[in-house]
Amino acid sequence: MSSTALGNHILVEFMNCDPHVMNDVAAIERDMVGAARKAEATVINSTFHHFSPYGVSGVVVIQESHLAIHTWPEYGYAAVDVFTCGDMNAWIAFDHLKACFGAKSYSAIEMKRGSVNLLTRNDFDITSAREKAAEWRNPDFYTRNVWFTDKDEDQALSLRFTGDVFFDVQSPFQRVRILESTKYGKMLALDDMVMTTIKDEFHYHEMISHPSLFTLQNAKNVLVIGGGDGGTVREVLRHSNIEKVTMVEIDGEVIKACKEHLPEIAAAFDDPRLELIVDDGIAYVKNAPDAIYDLLIVDGSDPVGPAEGLFSVDFYQNCYRTLKADGILVAQGESPKFNERAFAELNQTLQGIFGKENAPVGLFFVPTYPTGMWSFQYGLKGAADPRKVTNTDAIKSFVAEKGLRYYNEDIHFSTFALPNFVKQLIQQ
Ligand code: SPD
């Protein structure tokens, strides 16, 4: 650095970059920290956010000043600036980022900052400031602040994660990732949606299975559509009366990712009562015989991409047909506070097929889904009705014996108590 300036600042335009990289908060954080390290900077802290609807912003604070970035994936564009002082060479960071982003074109300007000829030294007591600074120790490890965001156009839920990515595969259906959130442990994300995390998965998986299994009491044959992480079949198979579970998951990469990285959730794939089929669940139900299942669980993703058909009238008519006379359908029902429309339309579909009184909704709480308020929606083909169970002693002892952490005999009923705005949404 020239001794005539306090710092050196390069302002860079990276153009025609890989748009997927420009929208990948973990990759950008890794590359920006990597650029700082390559230029032999000391990294203090990194803060990166993924923004709605797309784009990433972030800063790496270094002992020698900072690196900052803002991306526009839809233009394959990144605005980067690298501010350095001391001997650090900002152009080393520039070269690294150009290669990582696949930038086909770029421009850059370099500015000296704090030209000493223009500055007048004041009487700021530099000696005591130096002493104070010597007392301050930078942390031995730099702190990372990287955020995963599950969102629509108006609302989002963000989870801070370590920045480490354990699995990242673009399957024919979706992007399958296992990341590590700081609060909830490892998590499965499909495209940019949180599916499940180690520390709150039990809310979802206990509630999708036990209320209906305690209603049926002697269910033997269960079909699960989706549920590739394995949490739903793990809970269903806790019931000793179950003789057979068929699980049909469209995406083999989800099963692979969860077996490798979420073994606590993918814990029952070796149970001999389970038949695991990697195929299209919608086609499977269409071709299934009439009246063979006691319980049909739809553990699907949100109604975009491969899960869209899991919200169609046609699909639920086939589900109805394959249920035994007293059979129960339970479907992942979305949120009355996040995607009201999908929530209400699914209930109208179920009311239309099973009857107005036979499509109850159960609410439960999931801290890692946007708004936290989520639902399972039921279709009751016959008289078996979870709102009318009487075997609460059996629930109590099962909960104690299996060590369940969300479901219990009180939650069994309270899940069906709906706030007025939810009743209005589904006209019940
Ligand atoms: N937005 C999340 C919707 C829930 C999708 N299913 C989660 C899978 C857990 N087995």
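Some conventions to start. Residues are numbered from 1 along each chain as its sequence is written, and side-chain values use heavy atoms, without hydrogens and water. Since the model is predicted, local features need pLDDT of at least 70 and side-chain atom pairs count only at pLDDT 80 or more, while totals for chains, interfaces and linings use all residues.

I begin with the packing. A nonpolar core here is a set of buried Ala, Val, Leu, Ile, Met, Phe, Trp, Tyr and Cys residues joined through side-chain atoms within 4.5 Å. Buried means under 20% relative accessible area, exposed over 50%, and partly exposed in between, with a 1.4 Å probe and protein chains only. The largest nonpolar core has 97 residues, and Phe14 and Phe101 have the most contacts inside it. Leaving aside neighbours within four places in sequence, Phe14 is in contact (heavy atoms within 4.5 Å) with residues including Tyr77, Val80, Phe94, Leu97 and Phe101. Another core, of 23 residues, lies apart from that one; Ile277, Leu296, Val298 and Leu310 are among its members.

Next, the ligand. The residues around it, meaning those with a heavy atom within 4 Å, include Met195, His205, Asp229, Gln332 and Trp374. By class, the shell around the ligand divides into 5 nonpolar, 4 polar and 3 charged residues. Ala, Val, Leu, Ile, Met, Phe, Trp, Tyr, Cys and Pro count as nonpolar, Asp, Glu, Lys and Arg as charged, and the others, Gly among them, as polar.

Which N or O atoms of the protein lie by a nitrogen atom of the ligand? In the side chain of Asp299 there is one at 2.9 Å, and in the side chain of Tyr204 one at 3.1 Å. Gly300 places a backbone N or O atom 3.1 Å from a ligand nitrogen. Taken alone, the ligand exposes 340 Å², and the protein buries 97% of that; these areas come from the Shrake-Rupley method with a 1.4 Å probe. Strand E11 (193–197) and helix H5 (201–216) are the elements that give two or more residues to the shell.

Last, the backbone. Glu40, a residue other than glycine, has a positive phi near 65°. Glu40 sits in the loop between helix H2 (25–38) and strand E2 (43–50), and is exposed at a relative accessible area of 69%. Thr371 also has a positive phi, near 75°. Its loop runs between strand E17 (361–365) and strand E18 (373–380), and Thr371 is partly exposed, at 35% relative accessibility. Helices (H or I, at least four residues) and strands (E, at least two) are DSSP runs numbered from the N terminus.

Definitions and conventions:
A polar contact is a pair of N or O atoms within 3.5 Å; within protein, one must be able to donate a hydrogen and the other to accept it, and residues adjacent in sequence count only if both atoms are side-chain atoms.
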